[in-house]
Amino acid sequence: MAWSLGWKVPRNHWGLLLKTIRGSGFLLLPWGYCPWRRTGSFLDHGMKAFLEENTEITSSGSLTPEIQLRLLTPRCKFWWERADLWPHSDPYWAIYWPGGQALSRYLLDNPDVVRGKSVLDIGSGCGATAIAAKKSGASRILANDIDPIAGLAITLNCELNQLDPIPILTKNILNLEQDKWELVVLGDMFYDEDLADSLHQWLKNCFWTYGTRVLIGDPGRPQFSGHSIQHQLHKVVEYSLPEATRKENNGLTTSTVWDFRP
Ligand SMILES: C[S@@+](CC[C@H](N)C(=O)[O-])C[C@H]1O[C@@H](n2cnc3c(N)ncnc32)[C@H](O)[C@@H]1O
């Protein structure tokens, strides 16, 4: 697979560009700037067409075959192409990461956890976990990701799953005061030490201010297992990863959902 989150070995051209998420020009556009939302502009159609042309609709190889997603797969041109030919910011939204897979599986199997609740999905990426929350009956959902193109991908993925669009916020909320959410979910967000520290502090404030429940999906990344947050976690469920996800994630074999209780 093309991507790695900081510590895995890249395997093809993409890996050369994306071997580390840190310092990779992750945020190339100002926070909150959504080119695809400029109604009537070329970018609306151009970006949508680009995503449709350069991703494949798939529901196989993940823990949630009931969710269809547009992802970058070996049948897509850019999977094999030189990384510097990709004209946009690194497309983390085009991968369904193992942490998000576990979290989504858990929400689909346990709708009581989300039914009637307000849910914030931080670092939503392809939007699968927000989609799982919506399918399981959440009353209000916000998908947050600093990459504006993720916003378009999430909208297209909602459409694929016959869901109304989920509201999307493309700015960094970790520097802001918390809003009131009943549940915050985060899939595979602990891949960078600085980000892990910011998330930890922000989530603690959420919990202490509003009693927000926080669920974290993680496949055992070192930035997570070695972080002080470990002392405040309770294991909810551990899933064995499908073969395809294992192959794409350099040997990761399981992914776990954790309940954060500081
Ligand atoms: C590894 S991906 C995980 C995506 C998805 N949750 C999943 O499990 O498939 C991490 C995502 O977090 C987003 N991200 C990174 N820093 C962020 C921040 N401070 N606030 C919101 N999103 C962020 C990235 O753009 C990327 O889409």
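Visitor: Is leucine 103 buried or exposed?
Guide: Leucine 103 has 0% relative accessibility, so it counts as buried (under 20% relative accessible area; exposed is over 50%, partly exposed in between, with a 1.4 Å probe and protein chains only). This is a predicted model, in which local features need pLDDT of at least 70, side-chain atom pairs count only at pLDDT 80 or more, and totals for chains, interfaces and linings use all residues. Residues are numbered from 1 along each chain as its sequence is written, and side-chain values use heavy atoms, with hydrogens and water left out.

Visitor: Which residues does leucine 103 touch?
Guide: Not counting residues up to four places away in sequence, leucine 103 touches Thr129, Val185, Leu186, Gly187, Leu215, Ile216, Gly217 and Val257 (contact means heavy atoms within 4.5 Å).

Visitor: And where is leucine 103 found?
Guide: Leucine 103 is in helix α4 (helices are DSSP runs of H or I, at least four residues, numbered from the N terminus).

Visitor: At what angle do α4 and α5 pack?
Guide: The angle is about 0°, and the axes of α4 (residues 98-109) and α5 (residues 128-135) are 9 Å apart. The two helices are therefore roughly parallel (angles under 35 degrees).

Visitor: Turning to α6, how many of its residues are buried?
Guide: In α6, 11 of the 13 residues are buried, so the helix is largely enclosed by the rest of the structure. Among them are Pro148, Ile149, Cys158 and Leu160.

Visitor: What caps the N-terminal end of α6?
Guide: Aspartate 147 does, with a side-chain oxygen 2.9 Å from the backbone nitrogen of isoleucine 149. Just after α6, glutamine 162 has a positive phi of about 55°.

How values were computed
Axes fitted to C-alpha atoms, helices over the stretch in contact; angles between N-to-C directions. Parallel < 35°, antiparallel > 145°, perpendicular 65-115°, else oblique. Polar contact = N/O pair within 3.5 Å; in protein donor to acceptor, adjacent residues only side chain to side chain.
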